[in-house]
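Below is a briefing on one protein model, grouped by topic. Please read it alongside the sequence and the coordinates.

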Amino acid sequence: ERAIRRAFSLELSEKIISAVTVVPSVSILAMVGENMQKIPGVCARLFDSLSSAGVNVVAMAQGSSERNISVVIKSEDQIRALRAAHSAFYLSYLTMGIGLVGPGVVGSVLVKQILEQREDLKREFGVDIQVHGILTSKKMLLSDSPHGLDLETWRAKFDACIVPGDVKKFAEHLKKQAPHVVICDCTSSQDIANEYETWLSQGISVTTPNKKANSGSYEKYKAIRRAQKTGNHSHFFYEANVGAGLPVISTIRDLSRTGDKFIEIQGIFSGTLSFIFNEFDGSVPFSTIVKQAKDAGYTEPDPRDDLSGTDVARKVVILAREIGLQVELGDIPVKSLVPKELEKVSVDEFMRRLPEFDKELADMASVAAKKGEKLRYVGVINAVDKKCSVELMQYPATHPFGALKGSDNIVLFRTVRYNKQPLTVRGPGAGAEVTAGGIFADILRVASYYGGRSAAEDL
């Protein structure tokens with residue numbers, strides 16, 4: 001400081017400058033190149049890359065020759081800043097640092113898909129996806145390499161890991177490892193969903209199949225969207241909330257953003273209930289079909305989690321909010337398939353006593369069959385009347401719902417443009433591979449917002 005004061009003694013005495021202040025722990029990032037003054041937007045691209053990486057510029061200077069632009073940044077940001085600047089000018093890959101929460105069935109498949117596709121993404125699109133952390137409620141595995149965890153050996157290292165899980169330290173580690181960070185929540189945890197607002201406000205993007213945040217209180221739903229603005233370039237994508245990897249959320253967004261207006265959305269949103277009612281026609285007791293579905297692994301360990309209709313109601317809330325309706329989960333009337341007498345008994349007793357209540361559904365199936373129709377468990381969003389419901393409805397075999405097979409999901413979008421012939425999305429709505437694929441696609445969607453190439457390099 002003394003040397004600086006001596007160098008600027010004349011300016012200080014003449015009041016040309018008012019004071020000299022020393023700012024500790026900073027670094028200088030310099031961009032050097034020929035003819036920069038002749039290329040529009042060079043400076044803007046540099047500053048945009050730093051902004052999107054959450055790097056604050058303390059000071060800047062441009063050389064008189066216009067071959068150099070220098071910025072002063074915090075030393076703790078220097079690696080992220082350098083990577084962000086390099087990727088902005090295609091001098092290196094666009095690095096995406098991934099934090100995986102919940103390395104269960106879906107999370108493990110996601111890691112496998114990233115491993116299989118990673119080199120192709122680097123070569124063709126210039127995107128380098130690095131997994132820098134894996135977290136559960138009990139422990140976490142953090143990368144000790146700038147290139148992330150070894151995705152071929154991560155499972156053994158995670159099993160042997162004894163570092164206690166800490167959500168705050170997990171996020172802090174990720175921010176230090178890459179200019180752009182995405183946390184993939186592959187859990188159904190409310191506690192993890194509660195962290196989204198904090199992560200997004202810190203500039204960390206989130207992708208998830210976890211429905212808790214988007215179907216929770218509307219106030220919390222709005223707070224998460226506000227946090228995205230606070231986070232400056234953070235993104236929240238959740239295609240896998242409804243229909244696993246099916247393009248349901250993205251279709252709604254495309255239609256809405258291009259000015260189409262929704263009239264009604266109907267859907268069979270549960271793979272479990274799709275399977276059950278595709279099999280059930282009244283000739284075999286409903287309880288027998290439920291047992292077959294449970295034995296085949298279609299239902300949750302407690303089938304009431306599916307039969308209650310709560311999961312379908314959550315998906316209805318998510319889609320309703322996506323088209324602008326302000327609805328709460330508790331506002332939606334739901335046709336539960338769980339008899340009140342069996343709501344609080346054990347799973348074993350529930351399965352044993354369910355045959356006592358077969359008659360009601362058998363009678364409904366019989367009435368439907370006489371009309372040439374089939375029972376289907378459907379979520380309905382009436383955009384005109386702003387009402388939502390989860391119902392057991394009847395459809396003729398010629399209707400897309402009546403013709404459904406297996407455990408597929410199907411969604412019908414009736415809009416001003418697609419009124420006479422609704423837009424239909426159909427396919428597997430559950431399963432680790434398709435769900436992980438939906439999360440993976442959202443990661444790449446985030447990458448595109450950060451400057452990832454939209455076309456393969458070799459085209």
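Helices (H or I, at least four residues) and strands (E, at least two) are DSSP runs, numbered from the N terminus. This is a predicted model, in which local features need pLDDT of at least 70 and side-chain atom pairs count only at pLDDT 80 or more, while totals for chains, interfaces and linings use all residues. Residues are numbered from 1 along each chain as its sequence is written, and side-chain values use heavy atoms, with hydrogens and water left out.

**Overall layout**

- The protein has 19 helices and 14 strands, and its C-alpha atoms fill a box of roughly 100 × 55 × 45 Å along the principal axes.
- Of the 459 residues, 47% are buried; buried means under 20% relative accessible area, exposed over 50%, and partly exposed in between (1.4 Å probe, protein chains only).
- Contact means heavy atoms within 4.5 Å. Among contacts with a separation of 6 or more, 68% join residues 24 or more positions apart.
- The accessible surface is about 22,600 Å², and carbon and sulfur atoms hold 52% of that area. Areas come from the Shrake-Rupley method with a 1.4 Å probe; for residues, only the protein chains shown count as cover.
- There are 57 positive and 55 negative side chains, with the centres of the two sets 3 Å apart. Lys and Arg count as positive and Asp and Glu as negative, whereas His and the chain ends are not counted. Each charge is placed at NZ of Lys, CZ of Arg, CG of Asp or CD of Glu.

**Nonpolar cores**

- A nonpolar core is a set of buried Ala, Val, Leu, Ile, Met, Phe, Trp, Tyr and Cys residues joined through side-chain atoms within 4.5 Å.
- The largest core has 70 residues, of which I276 and F277 touch the most other members. Helix α16 (residues 310-322) gives the most to this core, namely seven residues.
- Leaving out residues up to four places away in sequence, F277 touches F286, L337, L375, R376, Y377 and L392.
- A second, separate core has 32 residues, including L94, W154, V182 and Y450.
- L94 lies in strand β4 (residues 94-101) and is buried at 5% relative accessible area. L94 and R80 are 14 residues apart along the chain, and 11 Å separates their C-alpha atoms.

- In helix α3 (residues 42-52), the buried residues are V42, L46, S49, L50 and S52. After α3 comes G54, with a positive phi near 75 degrees.
- An α-helix has 3.6 residues a turn, so residues three or four places apart point the same way.
- Helix α12 (residues 249-257) has I249, S250, T251, I252, R253 and L255 as its buried residues. They pack against β9 (236-237), β10 (262-268), α16, β13 (408-415), β14 (423-428) and α19 (432-449).
- G259 follows α12, and its phi is positive, near 95 degrees.
- T272 sits in helix α13 (residues 271-279) and is buried, with a relative accessible area of 8%. Beyond four places in sequence, T272 touches Y298, T299 and D306.

**A buried polar residue, Q130**

- Q130 belongs to strand β5 (residues 127-135) and is buried, at 2% relative accessible area.
- The side chains of Q130 and D128 make a polar contact (2.9 Å). A polar contact is a pair of N or O atoms within 3.5 Å; within protein, one must be able to donate a hydrogen and the other to accept it, and residues adjacent in sequence count only if both atoms are side-chain atoms.
- Apart from neighbours within four places in sequence, Q130 is in contact with R83, T95, M96, G97, I98, R118, P146, H147 and G148.

**Exposed loop positions**

- Most residues other than glycine have a negative phi.
- K15 is not a glycine, yet has a positive phi of about 60 degrees. K15 lies in the loop between α2 (9-13) and β1 (26-32) and is exposed, at 70% relative accessible area.
- K386, also not a glycine, has a positive phi of about 60 degrees. K386 lies in the loop between β11 (373-382) and β12 (387-396) and is exposed, at 61%.
- I162 is in the loop between α6 (154-160) and α7 (167-177) and counts as exposed, at 76% relative accessibility. I162 and L141 are 21 residues apart in sequence and 8.4 Å apart in space, C-alpha to C-alpha.
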